[in-house]
Every structure is written in structure tokens, then in C-alpha cells.
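Keep the structure in view as you read.

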Amino acid sequence: MAHAQPSFRPIWAWVAAALAGIVAPAVAMLMLAEVRAPLAPVGGPVLAVGLMGAGMISAAAAGRLWVGVLLALLTAVGLIVLARGLGTPPVHHPLATGLAVLIASFSFGARGKLFARSASEKGWWIALFVVGGEAAIVATALAMPGALPDWLLVLLPAQWASLAIQAALTGADTGAAGSALIALAGTGGVTLLVARLWPRRWPYLLMFSAWLGLSALVAASYP
């Protein structure tokens, strides 16, 4: 029974996943295109927020990792197609972009699965609040560079995903992107371990330690 999957699938959870993962990023890109602002510099943050919204909330709603990963990947494809239609240049490194998107989708889906295991039908609410909070910080960092301290940004998986995806999209070779991918994969794996061991509470110490250690790795190469 400890490993039984939750059977809830509230309709509002899927609505929230669609709004946070698809509608909000798409509207942001359309608004930028309307004022003729370049989309290339915001590709990473927009995709990161979309992956987080679709992957984390849907995994929390379904209680299954693969659901979150699949929907996050489909969201990424849709947003990239929309960006190309709005005139952004082609992706510089498709394989690197695909890898970054896959790892970020896995990491966000793992967090959603943990929320489902630990909070049952309320897990998607937790995922929604986490997505909203991290998205707000990523948007603030993008709109007002330097307004937020680096120590805060390096703690956020959404910012890790933003760094890694942006580097792959633009072809930039940065150490921070590689560290961010390692951090996303590491936290995703540890999060799945915690979900598997639920309701034991001691693995949370392991997850917290891994999160801080991987944040320090990102901080060491932060731009």
C-alpha cells in the first residue's frame, strides 16, 4: 500500500497544468512579438517555465512520472514551433536542446510525483504554488537583471533549467549550463528516491543535502 499510485485526476489540475505550462508561456511570446521584442534572449526562461508548469503539475495530478515527462516534452515542442513561427532563428544545437529539455522534464516530473505521494489529492496545489513562485523569480531575474541576489537564483531548479536550455538554444558554451544539467538530473533522481521511500521522512534530509550541494555546484560556475 505504501507504493500505491493515487487515483485522483481532478479536472482543475489539468486546467492549471495547461494554463501554466502552455497558455502563459505562449501569451508571453505573443506579447513580445507584438511589441517586436526579440524572442531569442527569453527562449530558455520561457521554455523552463513551460516545462515546469506542464511537467510538475500534471505529474502531481496523475501521480506518475511518465505523465509529467511526456506532457512537458510535448509542451516544449509546441512552444519551440510557436517561437519559430514568430520568427526566432533555428535552434543552434538540437541534440543539446533535446537533452536539456528531457533532463528538465524528468526533474520537474519527479517533483510532481513526490507531491502526489506526500500530499495525495492536494499535491497538484503544492505543485501549482511552487511553479508560480519559481516562475515569478525567473521572470523577475529576466526583466530586471541584478535585482535578485545570485544566491537565490542558484537555489532554483527553474533557473537551472533556464540556464541549460538557453545555452543549448543559442549555442553558448557555458560551464553553468553543464552544472545546471547535472543539478537537474541529480535532484530528479534523489526526489524519486524520496518518493519511493515515502512515508519514511528521513530521506528528506538526503534530498535537502543533495539540493544544497548541487546548488553550490551551479553557484561555482554561475555567470
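Accessible areas come from the Shrake-Rupley method with a 1.4 Å probe, and for residues, only the protein chains shown count as cover. On that basis, the accessible surface of the protein chain is about 10,500 Å². Carbon and sulfur atoms hold 74% of it.

A word on the source. This is a predicted model, where local features need pLDDT of at least 70, side-chain atom pairs count only at pLDDT 80 or more, and totals for chains, interfaces and linings use all residues. Residues are numbered from 1 along each chain as its sequence is written, and side-chain values use heavy atoms, with hydrogens and water left out.

Start with the fold. The protein chain has nine helices and zero strands. (Helices are DSSP runs of H or I with at least four residues; strands are runs of E with at least two; both are numbered from the N terminus.) The radius of gyration, taken over C-alpha atoms, is 17 Å. The globule rule (2.2 Å times the number of residues to the power 0.38) also gives 17 Å for 223 residues, so the chain is as compact as a globular protein of that length. The C-alpha trace spans about 55 × 40 × 30 Å along its principal axes.

Now look inside. Of the 223 residues, 48% are buried. Buried means under 20% relative accessible area, exposed means over 50%, and partly exposed lies in between (1.4 Å probe, protein chains only). A nonpolar core is a set of buried Ala, Val, Leu, Ile, Met, Phe, Trp, Tyr and Cys residues joined through side-chain atoms within 4.5 Å. The largest has 51 residues. L51, I57 and I165 have the most contacts inside it. Helix α2 gives the most to this core, with 10 residues. Contact means heavy atoms within 4.5 Å. Beyond its neighbours within four places in sequence, I165 contacts G44, L47, A48, L51, A100 and V101.

Which side chains meet in a salt bridge? They belong to R111 and E134, at 2.8 Å, N to O. (A salt bridge is a side-chain nitrogen of Lys or Arg within 4 Å of a carboxyl oxygen of Asp or Glu.) R111 lies in helix α4 and E134 in helix α5, so the pair ties together parts 23 residues apart in sequence. Both R111 and E134 are buried. The whole structure has one salt bridge.

Finish at L82, in helix α3. L82 is partly exposed, at 27% relative accessible area. Not counting residues up to four places away in sequence, L82 touches A26, M29 and L30.
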